[in-house]
Amino acid sequence: MTADAAARRALELLAERDQTLAVAESLTGGLVAAELTAVPGSSRSFRGSVTAYATDLKGALLGVGATLLAQRGPVDSEVARQMAAGVRAALGSDWGIATTGVAGPGPQDGQPAGTVFVAVSGPDGSEKVTALRLNGSRAEIRRESVRSVLELLVGELHGNARAQDTEQNGGN
């Protein structure tokens, strides 16, 4: 699925259930928000985004733990998870997604270029983080990170819908 198709599908699923989305971005620098807002009608579900490129902003704006950032650095699965949960809380949305990683061209904080974590935080307390090892140019790594986080969201929205349907139908 392309990034624009994933954005359209995510927004359709959110609109169907009258739910909202917030985005926390680091290495993607606003590209996820741009992909979402390129879809006509996105304002129905998209609340906004925080581009926390600097490490200290991940703590100050998104509630990522200072000890975690000091010990592991900003390129970490738990940082991604906390970013997604933090933006969800900060922007008052049902869902939060996040990207953090190294776009390159060189390593950062001991992590090689292409090391990326994408995360989703849902309304029922569900959270999922995916680690990516991407190849390519800086632009390619950033684009693939956008596509990956949007696909992760679509997958979680589908899973959430199946779980709700099962609950409503007596578990059958």
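1. Ground rules. The model is predicted, so local features are taken at pLDDT of at least 70 and side-chain atom pairs only at pLDDT 80 or more, while totals for chains, interfaces and linings use all residues. Residues are numbered from 1 along each chain as its sequence is written, and side-chain values use heavy atoms, with hydrogens and water left out. Helices (H or I, at least four residues) and strands (E, at least two) are DSSP runs, numbered from the N terminus.

2. The sheet. Start with the five strands: they form an open sheet with mixed pairing, in the order β2-β1-β3-β4-β5. Two strands count as paired if DSSP finds at least two bridges between them. At the edges you'll find β2 (46-51) and β5 (127-133); each has a single partner strand, so one side of each has no neighbour in the sheet. On average, neighbouring strands are turned by 15° against each other, direction ignored. For angles here, axes are lines fitted to C-alpha atoms (for helices, over the stretch in contact), and values run from 0 to 180 degrees between N-to-C directions.

3. Two pairings to look at. Strands β3 (residues 95-101) and β4 (residues 115-121) run antiparallel and are joined by six bridges; I97 stands opposite V120 in β4. By contrast, β1 and β2 run parallel, with five bridges between them, and L21 has F46 in β2 as its bridge partner. As a reminder, side chains in a regular strand alternate between the two faces of the sheet.

4. The crossover. Together, β1, α2 and β2 make a right-handed β-α-β unit. Right-handed here means that, with the strands pointing away from the viewer, the path from the first strand over the helix to the second runs clockwise.

5. Helix α1. This one covers residues 3-16, has 14 residues and reaches 20 Å from its first C-alpha to its last, close to the expected 20 Å. That expected span is 1.5 Å times one less than the number of residues. Its buried residues are A3, A6, A7, A10, L11, L13, L14 and A15. Buried means under 20% relative accessible area, exposed over 50%, and partly exposed in between (1.4 Å probe, protein chains only).

6. S45 deserves a look. You'll find S45 in the loop between α2 (31-37) and β2. S45 is buried, at 4% relative accessible area. Leaving aside neighbours within four places in sequence, S45 is in contact with L11, L14, A15, Q19, T20 and L21. A polar atom of the S45 side chain lies 3.5 Å from the backbone nitrogen of A15.

7. Most residues other than glycine have a negative phi, and most peptide bonds are trans. D18, in the loop between α1 and β1, has a positive phi of about 55° although it is not a glycine. D109 has a positive phi too, of about 50°, and lies in the loop between β3 and β4. D18 counts as exposed at 63% relative accessibility, and D109 counts as exposed at 54%. The peptide bond from G104 to P105 is cis, with omega near 20°; P105 is in the loop between β3 and β4.

Terms used
Polar contact = N/O pair within 3.5 Å; in protein donor to acceptor, adjacent residues only side chain to side chain. Contact = heavy atoms within 4.5 Å.
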